[in-house]
Amino acid sequence: MTEKDANRPLKLAVVGHTNVGKTSLLRTLTRDVGFGEVSHRPSTTRHVEGARLSVDGEALLELYDTPGLEDAIALLDYLERLDRPGERLDGPARLARFLEGSEARQRFEQEAKVMRQLLASDAGLYVIDAREPVLAKYRDELAVIASCGKPLLPVLNFVSSAQHREPDWREALARLGLHALVRFDSVAPPEDGERRLYESLALLLETSRERLERLIADQQAQRQVRRTSAARLIAELLIDCAACRRSVATESDQVQKAIEELRKAVRQREQRCVEALLTLYGFRREDASANDLPLMDGRWGDDLFNPETLKLLGVRVGGGIAAGAAAGAGVDLLVGGITMGAAALVGAIAGGALQTARSYGGRLLGKLKGQRELTVDDAVLRLLALRQRQLLLALEARGHAAMDSIKLDALQDKTWREGKLPEALKKARAHPQWSSLNPHSKLNQTERQEQLETLSETVLV
Ligand SMILES: Nc1nc2c(ncn2[C@@H]2O[C@H](COP(=O)(O)OP(=O)(O)O)[C@@H](O)[C@H]2O)c(=O)[nH]1
Ligand SMILES: [Mg+2]
């Protein structure tokens with residue numbers, strides 16, 4: 001590549017054996033879960049497909065997917081027999097002769113497509129399934145690819161697998177004169193994986209250094225923007241839930257219904273946050289829906305109000321019935337994640353909602369009356385915060401080639417489990433108009449915006 005080419009995008013061909021993860025690598029680098037077709041069946045990519053990465057409207061990098069090389073052993077034999085008597089062609093000259101000949105349209109049609117793409121590119125990314133032994137077919141494949149005379153950067157895929165053979169591959173590549181390589185698992189890419197890949201390329205392609213550095217800087221900036229937006233989405237969820245309340249007449253049989261409605265509203269609100277985070281990180285709704293984000297042994301959606309979940313997570317659950325109701329009026333009652341103002345106990349008992357409260361009911365019944373409000377417990381707010389933070393960590397570490405649904409590990413996170421809840425949430429409790437889940441909400445109030453801002457800053461630390 002010459003200096004005058006520095007204004008056009010850098011072209012890379014992604015090459016390698018069938019089924020090593022070429023299309024997957026493209027998905028992860030383009031952050032596009034829909035790119036091409038990924039399959040465990042061999043040869044899904046039959047034609048060449050490309051993607052362009054731009055910064056500020058300027059195209060910097062073009063990546064081309066290619067079909068897998070299937071019969072490199074036969075092709076290498078064929079290439080070696082192309083020299084006429086007395087001739088000794090070099091790699092690119094042999095390839096040129098091969099591409100002009102009829103076999104390039106017949107027996108080696110697929111291989112010819114790959115070679116043409118590589119010849120039309122500035123460099124190749126050679127993708128390797130690092131779990132595979134270095135078989136003769138891979139050596140021949142590399143010999144054919146190297147004969148293009150283009151810079152090659154080997155990419156070790158599947159390196160997060162326990163059985164990978166990185167040392168063997170390093171040695172085999174070194175024997176071919178390929179000493180630079182990157183490890184990049186497209187399903188679970190390392191945090192700085194893209195940066196390393198582009199930096200390694202910049203070493204091979206000195207004239208593209210500036211473009212690659214711009215790409216790296218832009219990707220870092222985008223990562224930061226995504227994090228800030230994610231923090232804001234989580235803060236919105238927490239404010240919405242903290243400020244949410246439902247009024248109910250304590251002496252009516254509506255209490256149970258109101259509790260159910262409030263729970264439903266909060267679950268749906270959480271699901272909305274999950275979906276917004278998925279979209280923000282370029283994943284699809286199916287990648288993690290409320291119902292298949294497994295959490296501990298239970299399910300995302302159903303778990304939220306399950307006291308068992310709160311216990312498992314080690315979230316401190318407040319006094320509850322034993323500590324509270326026995327002490328009489330003035331103590332809030334926890335009903336699996338919903339707090340009722342003390343007087344609501346009466347309604348709840350009347351509605352048959354609280355089996356466990358029955359024994360205390362008689363004593364309180366006479367004392368309590370009127371309209372009470374249902375709110376969401378601190379414990380539920382803690383759980384919401386913990387889960388969204390964890391989802392976010394999972395999204396940040398997930399490659400866009402991942403096919404399985406998102407699994408969350410057991411929570412290690414201490415920050416939200418105990419200690420005081422942020423001041424913003426206490427304030428929100430006193431401002432029902434701050435919740436989009438309440439009627440007559442006023443979401444643009446300056447004080448709400450300020451609290452949201454403060455909470456966003458702390459939500460991820
Ligand atoms: N676990 C894991 N699976 C991968 C990785 N890269 C690709 N795969 C899977 O390997 C299979 C082949 O991937 P694909 O991208 O279609 O390979 P291609 O034929 O080289 O384009 C698919 O089932 C992918 O989901 C990886 O880094 N880790
Ligand atoms: Mg493919």
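Student: Which residue's backbone oxygen does the side chain of S200 reach?

Tutor: This is a predicted model, in which local features need pLDDT of at least 70 and side-chain atom pairs pLDDT 80 or more, while totals for chains, interfaces and linings use all residues. Residues are numbered from 1 along each chain as written, chains are lettered from A and ligands numbered from 1 in written order, and side-chain values use heavy atoms, without hydrogens and water. S200 is found in helix α7, residues 193–204 (a DSSP run of H or I, at least four residues). At 2.8 Å, the side chain of S200 reaches the backbone oxygen of R196.

Student: Which helix supplies the largest share of the shell around ligand 1?

Tutor: Ligand 1 is surrounded by 16 residues (a heavy atom within 4 Å), the closest being K22, T23, S24, N157 and D185. Three residues, the largest share of this shell, come from residues 22–30, helix α1.

Student: How much of the area that ligand 1 exposes when taken alone does the protein bury?

Tutor: An oxygen atom of ligand 1 lies 2.6 Å from a polar side-chain atom of S24. An oxygen atom of ligand 1 is also 3.1 Å from a polar backbone atom of S186. Of the 580 Å² that ligand 1 exposes when taken alone (Shrake-Rupley method, 1.4 Å probe), the protein buries 85%.

Technical notes
A polar contact is a pair of N or O atoms within 3.5 Å; within protein, one must be able to donate a hydrogen and the other to accept it, and residues adjacent in sequence count only if both atoms are side-chain atoms. Helices (H or I, at least four residues) and strands (E, at least two) are DSSP runs, numbered from the N terminus.
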